Amino acid sequence: MGASIALELQRAGRSVVVVDRGDAVGAGSTSSSSAVVRFNYSTLAGVSAAWESAHRWADWAGHLGVGHLGPGSGDTTGATTHGGPDGEPLARFVRCPMLFLEPPGFPRVDATRLLSTVGVPHEVLDEDELARRFPALDTGRFHPPRRPDDPAFGDAPSGRIDAVLTTGGGFIDDPRLAAVNLMDAARRHGAELRLRTEVVEVPRTAAGRVAGVVLADGSRIDAPVVVNAAGPWSAGLNRLAGVFTGPEDGPVANRPMRQEVHVVPAPDGFGLDDGGAMVADLDLGYYTRPQAGGTLLVGGVEPDCDPLEWVEDPDGVSTTPTVACFEAQVWRLARRVPDLAVPLRPAGLAGVYDVTPDWVPIYDRTSLDGFYVAIGTSGNQFKNAPLVGQVVRDLVDACEAGHDHDAEPVTTWCDRIGQSLDLGAFSRLRSGSATTGTVLG
Ligand SMILES: Cc1cc2nc3c(=O)[nH]c(=O)nc-3n(C[C@H](O)[C@H](O)[C@H](O)COP(=O)(O)OP(=O)(O)OC[C@H]3O[C@@H](n4cnc5c(N)ncnc54)[C@H](O)[C@@H]3O)c2cc1C
């Protein structure tokens, strides 16, 4: 997020300094991202932002301004494989279909209407069509999601399910590299990067505006605009800035949450190149996506039976996967994909989400003039990184010119899909969007 914002602010003619307490670009929560690019969000803004961003991933070299576009660039049929200007590698957008397996009562009409409005290709697969196209799947209905120690976990399914299939999505093969690509592009435009540089204070001017940042070594960077893109650490940075402490910063706050993603071998017929798909399975309570090397990633979708692991300090989080979470997520996948061979030991990682109550991010100004946030990315905003730089640029431009974004939300233009995006959807003052209340947004 920070690298994308730096690129667009610098491109717009501002002088940007990126400070990151880490040792490397993209080494925060981005490095553990599953990097799924999908479009099934509960809000129009969510679908539009993801669809626009997919077009930018599809033309990654063009988006970065480092090369020309290969065949199919500018639409979602081409993947960028070019190196950067100095031959450095670029992240790749790997195509993969996405299946959304619905829980009972899911408002499919509303969901598909949003996809149609934005123009995302999709089809509804009934149970027979789902079984025909994805024979590796058990198309039974297992709802509600259960813990493995629930006596009913192994019960036979009670019916069958339908699915919504979207195409045009996929995943980014190396999310950390994508951040590096954005930062390299920002630096080529003149942005300055300072690693191992921690913000410890956010001073104010006598007039009450943000004055810049104070760093751990005691030095200070004066700046009229500061953007908090500190991921799971962003609530801590907001505390330093004295924002999100009262109603002027609204009811929407963000908190870090530990999250595990596991790795299992892909069974024949459900790998990346042999019939597999990314699956969001709200019927059983997991998501999966194939990856190169013949494995599947398996993550969670916050079913009611799973405890939420809120954490106070993202630095204190164990990155080792646990047996309990591994079994819950992988065994659920094994019910859906009966040929899955469940490994004896957990493999995978734990990362940290930065979660808002409605699982929608906050891209906004704050009650401290000049202090902006790109936070609360809720486990689902890596895909939107190519657009978020522009979102923050447009917010900064408008608000610094005196526009009252809180009263009259700024819009940004999604040039790849030819649609306008209302940034009020990401306001800290929103009353709470009607969403799945899960990582699916
Ligand atoms: C396990 C997991 C799976 C995910 N899967 C997906 C997915 O499939 N699809 C999707 O779209 N999204 C996904 N996400 C979400 C997505 O990865 C994040 O929303 C996104 O990467 C957040 O990027 P960021 O730049 O905001 O945060 P980060 O990458 O965490 O970067 C924040 C940076 O701020 C720095 N920082 C913090 N505090 C300070 C300070 N005081 N001073 C200086 N620097 C500081 C940190 O060092 C860090 O580099 C997933 C996230 C996780 C954890």
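Helices (H or I, at least four residues) and strands (E, at least two) are taken here as DSSP runs, numbered from the N terminus. The structure is a predicted model, in which local features need pLDDT of at least 70, side-chain atom pairs count only at pLDDT 80 or more, and totals for chains, interfaces and linings use all residues. Residues are numbered from 1 along each chain as its sequence is written, and side-chain values use heavy atoms, with hydrogens and water left out.

Two backbone features sit in loops. Arg196, found in the loop between β8 (192–194) and β9 (199–201), has a phi near 50°, a positive value in a residue other than glycine. Pro144 belongs to the loop between α5 (127–133) and β6 (163–166), and the peptide bond that joins His143 to Pro144 is cis, with omega about 0°.

The helix packing comes next. Two packed helices are described by the angle between their axes and the distance between the axes. Axes are lines fitted to C-alpha atoms, for helices over the stretch in contact, and angles run from 0 to 180 degrees between N-to-C directions. Helix α1 (residues 2–11) packs against helix α6 (residues 175–188) at an angle of about 25°, the axes being 8 Å apart. That makes α1 roughly parallel to α6, since angles under 35 degrees count as roughly parallel, over 145 as roughly antiparallel, 65 to 115 as roughly perpendicular and the rest as oblique. The contact (heavy atoms within 4.5 Å) is made by Ala3, Ser4, Ala6, Leu7 and Gln10 of α1 and by Ala179, Leu182, Met183, Ala185 and Ala186 of α6. By class, the contact of α1 with α6 has eight nonpolar, two polar and no charged residues, where Ala, Val, Leu, Ile, Met, Phe, Trp, Tyr, Cys and Pro count as nonpolar, Asp, Glu, Lys and Arg as charged, and the others, Gly among them, as polar.

Helix α2 (residues 44–58) and helix α9 (residues 385–400) have axes that come within 7 Å and cross at roughly 110°, which makes α2 roughly perpendicular to α9. Here Ala49, Glu52, Ser53, Arg56 and Trp57 of α2 make the contact with Pro386, Leu387 and Gln390 of α9, and by class this contact of α2 with α9 has four nonpolar, two polar and two charged residues.

Helix α2 also packs with helix α4 (residues 108–118), at an angle of about 45° and with the axes 9 Å apart; α2 and α4 are therefore oblique to each other. On the α2 side Leu44, Val47, Ser48 and Trp51 meet Leu114, Leu115, Thr117 and Val118 in α4, a contact with six nonpolar, two polar and no charged residues.

The ligand remains. Of the 30 residues around the ligand (a heavy atom within 4 Å), Asp20, Ser29, Thr30, Thr377 and Lys383 come nearest. Among the polar contacts (pairs of N or O atoms within 3.5 Å), a polar side-chain atom of Thr377 lies 2.7 Å from an oxygen atom of the ligand, and an N or O atom in the side chain of Ser33 is 2.9 Å from a ligand oxygen atom. At Gly379, a backbone N or O atom lies 3.3 Å from a nitrogen atom of the ligand.

Key: A polar contact is a pair of N or O atoms within 3.5 Å; within protein, one must be able to donate a hydrogen and the other to accept it, and residues adjacent in sequence count only if both atoms are side-chain atoms.
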